[in-house]
Amino acid sequence: AIVAFLESTDFESAIRLAVSIGGDSDTIAAITGSIAEAFYGVPEHFKSAVLDYLPDEFIKVLSNFDNNKGKWKISSSSLNIDFRAGTIFYSRFIIIL
């Protein structure tokens with residue numbers, strides 16, 4: 001995944017290189033996509049294309065994530081966790097396209 005990112009020139013080339021590695025390519029590309037998003041960002045046309053394929057429940061989750069500035073917060077009486085997540089979700093759906 002790291003090699004695919006290092007040899008890439010943009011987000012799309014990173015994903016294409018990761019998929020071309022073979023093996024467990026969806027996982028490799030998801031990891032590569034996470035790294036590539038942090039460096040290149042995800043092109044808007046990829047984001048909008050993904051939204052066309054997602055069920056409304058998934059779009060609501062993404063909307064909540066974006067509204068919270070990329071932070072998930074899980075709380076219960078015995079647990080309180082804040083953490084960042086994101087690109088893997090986008091990347092896995094981009095690969096399917």
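**Note on helix packing and salt bridges**

1. In this predicted model, helix α2 passes helix α3 in a right-handed crossing (the near helix is turned clockwise from the far one by less than a right angle; helices are DSSP runs of H or I, at least four residues, numbered from the N terminus). Local features need pLDDT of at least 70 and side-chain atom pairs count only at pLDDT 80 or more, while totals for chains, interfaces and linings use all residues. Residues are numbered from 1 along each chain as its sequence is written, and side-chain values use heavy atoms, with hydrogens and water left out.

2. Helix α2 spans residues 11-20 and helix α3 residues 25-40, and the two pack at an angle of about 160° with their axes 8 Å apart. That makes α2 roughly antiparallel to α3 (angles over 145 degrees count as such).

3. On the α2 side, the contact (heavy atoms within 4.5 Å) involves Phe 11, Ala 14, Ile 15, Ala 18 and Val 19, which meet residues of α3 including Ile 28, Ala 29, Thr 32 and Tyr 40. The residues of this contact divide into nine nonpolar, three polar and one charged.

4. Two salt bridges are counted (a side-chain nitrogen of Lys or Arg within 4 Å of a carboxyl oxygen of Asp or Glu). In one of them, Glu 12 pairs with Arg 16, with the closest N and O atoms 2.8 Å apart; being four residues apart in helix α2, these residues are separated by about one helical turn.

5. Glu 44 and Lys 47 also meet in a salt bridge, at 3.6 Å from N to O, and both lie in helix α4 (residues 44-53), three residues apart.

Methods:
Axes fitted to C-alpha atoms, helices over the stretch in contact; angles between N-to-C directions. Parallel < 35°, antiparallel > 145°, perpendicular 65-115°, else oblique. Nonpolar A, V, L, I, M, F, W, Y, C, P; charged D, E, K, R; others polar.
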